[in-house]
Amino acid sequence: EIYHNYFFDEPAFNTHDGGYVPLEVADAPEKPLAIPALLKPDKETDTDIWYTVTAQAGETQILPGQKTKTWGYNATILGQTIIYPVGKHIHVALENHLSELTTFHWHGLIVSGPYVDGGCHAPVYPGETKHIDFTLDQPAATTWLHAHPCPSTAEQVWHGLATMVLVKDDHINSLPLPHNYGVDDIPLVLQDRRFHENNQLDYHADYDPDGVQGPTAMINGTVNPVFDVTTQKIRLRILDGANRREWRLHFSDDLKFAQIGGDSSLLPEPVYLDHLMLTCAERAEIVVDFAGYHDGQTVTLFTDDTPIVKFKIHQFAPDNTTLPDHLLTINKPKVDSKTPIRKIVMSGMDESVMMDNKKFSMQRIDATQPVGQAQYWDITNSNSPESGMVHPFHVHGTEFLVISRNGQAPYPNEHGFKDTVGVNPGETVRILVRFDLPGVYMYHCHIIEHEDGGMMAQIQTYYPDKPMPKYKLMDMDTL
Ligand code: C2O
Ligand code: CU
Ligand code: CU
C-alpha cells in the first residue's frame, strides 16, 4: 500500500492562518547542499566518550554578496552532527562563546531534567563551560540539539543554534540501510528565513507571535541546494527545524519513498508514501530509491509547489538490497487501569496562547508522574477547526506512543516512538507517556514563538518510594 496524502486536516495547514508567509525561490545560484561535518570526540575508550560542544557566533556565506551573521555549534551556522552511541558513558563539555546566556537542550534524548536535559533551568553564561554526563538507553533515532533559554529560544534558533544528534545502537548498525554519512545517509534540516539589508537576519523585524517565518527555504543552511546522488538508494534524516513552518514534502514524478523512522525510533515496519507532512521539531527518516533514474537526471524535493532540494543523479552501482519488512519491535508499556488519564489543553493563538489555561511559569510545577508508570495523556487543541493552527506538542525526557486521534487510529507513519506530535485544531490526541528518569521536564507547543509565549508547562517525575527532591528552578529575574 502506498499512501498519497498528508493525513493532517487540510484546512488546518498553516496556509489557513492570515500570517502565513509563502515560500518563494530565492534569486541566488544553486549551491551544493552543505553536509555538516561529524563532530570528532575529544577522546574515546571502550566504555566512555568525550565531546566538546561550543555555541559560537560567526558569519556564513548563504547568499551572494555579504555574509550573514549566524550562530552555530562548532560551526558558523547550525552545527556539526553529533553521534551518541547507546550504552557508552557520554561526557559533554558545553561551552558558551556567545555574548548572551544559552542552554543546550537535547531534544529527544532520555536524559535527566531539568539540568542535563538543557531546558531553561540549565543556563550556560557567556564565557562559561559546563560539564554534563549521561548514558543513553533508548532506541536509535535522529534527535537534535537546540538552544532553549526562556523566553528567547525562538530567537536563538533563528540565528542558527540547532544541530542533529544521531543516536546509534547495535540494532540499527546491523540493518541493511544506507549508513554512509554524507554519501547515502544525509541529514536535512528544513528551515525558512527572511534575509534583510546586506543579507542579514532581523528576528525582531520579522516577529510574529504565531511563529516567525521567511520566504526563503534554507536546507542545512544552504539556499537552492543541490545534492549529488552517487548511490541508488539514499536515506534522508529530515528534521523540521523551522520556528513555525510545516513542510508538505513530495518529489517530482510523485516518486514514492519508504519512511523507516519517526522522531524517537524506527517505525515497526517501513511505510510507503509519496507525500509527507512534518510539523515543527518532528523528524522522519526516509529511504529513496532512484532505480528508475539515470546519470544526468534530476529529482526535485518540493514543499507544496516550491522546490527545496535538487537531487542530481550520477552513475551508481545497482543495489538489490530490500528493506526489511520488520524494523523494530515496539514494546507498548502496560497501563494500570487505576491510573487516571491526564488531560492537557493547548489553547489560543497569537499572544493568548496557553497550556491548560495558564501561561508558563518557570518556578511552578504543573503536574507530577511517578517514574516507570505509563499514563495516557489526552492532548486537546481547542483552536477552532475553521481558523486554528496545528500545534506540535512536545515532551522533554521521554518518548511516547501515539494511541489515537479523536478516538481513531493514528496516522500510518506514527507507530514508532515519538517526542512531538502535531495536534489538529479541534482534535484530541491520546499519547502513552512513561518517564524513565526523575526530574523536571517541560512540555510545550513546538511552534517556538508559542513556547516562548507561554504555551508550555512542566512536570516533575519522581521515584514513588523516595521523598520528592526539590530542584533549583530558575526564574525570569535570575536570567
Ligand atoms: Cu525542542 Cu523544549 O524543545
Ligand atoms: Cu525537547
Ligand atoms: Cu502552537
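Analyst: About 150 Å³ of space lies in the largest cavity. Of the 20 residues lining this cavity, Gln 259, Met 277, Glu 282, Asn 413 and Lys 418 are the closest to its centre. Two elements, β20 (276-278) and β21 (283-289), each give two or more residues to the lining, and the largest share, three residues, comes from β20.

The model is a predicted one, in which local features need pLDDT of at least 70 and side-chain atom pairs count only at pLDDT 80 or more, while totals for chains, interfaces and linings use all residues. Residues are numbered from 1 along each chain as its sequence is written, chains are lettered from A and ligands numbered from 1 in the order in which they are written, and side-chain values use heavy atoms, with hydrogens and water left out.

A cavity here is a set of points, on a 1 Å grid over the protein atoms alone, where a 1.4 Å probe fits but cannot get out; a pocket is an open set with protein on both sides within 12 Å along at least five of seven lines, and lining residues have an atom within 4 Å of a point. Grid points are joined across faces, edges and corners, and a volume is the space filled by probe spheres set on the points. Strands (E, at least two residues) and helices (H or I, at least four) are DSSP runs numbered from the N terminus.

By class, the lining of the largest cavity divides into nine nonpolar, six polar and five charged residues, where Ala, Val, Leu, Ile, Met, Phe, Trp, Tyr, Cys and Pro count as nonpolar, Asp, Glu, Lys and Arg as charged, and the others, Gly among them, as polar. At least three of the lining residues come from each of domain 2 (177-313) and domain 3 (342-464 + 472-478), the bounds being those of an automatic or database domain assignment.

Lys 418, one of the residues closest to the centre of the cavity, also forms a salt bridge with Asp 263, the closest N and O atoms being 3.1 Å apart. Lys 418 lies in the loop between β29 (401-405) and β30 (420-423) and Asp 263 in the loop between β18 (257-261) and β19 (266-273), so the pair ties together parts that are 155 residues apart in sequence. The criterion for a salt bridge is a side-chain nitrogen of Lys or Arg within 4 Å of a carboxyl oxygen of Asp or Glu. Both Lys 418 and Asp 263 are buried, a term that stands for under 20% relative accessible area, with exposed set at over 50% and partly exposed in between (1.4 Å probe, protein chains only).

The structure as a whole has 21 salt bridges. Another of them joins Arg 248 and Asp 304 at 2.9 Å, N to O. This pair links distant parts of the chain, with Arg 248 in strand β17 (residues 247-251) and Asp 304 in the loop between β22 (298-303) and β23 (306-313), 56 residues apart. Arg 248 is buried, at a relative accessible area of 1%, whereas Asp 304 counts as partly exposed at 27%.

Because domain 1 (14-174) and domain 3 (342-464 + 472-478) both give residues to the lining, the pocket lies between them.
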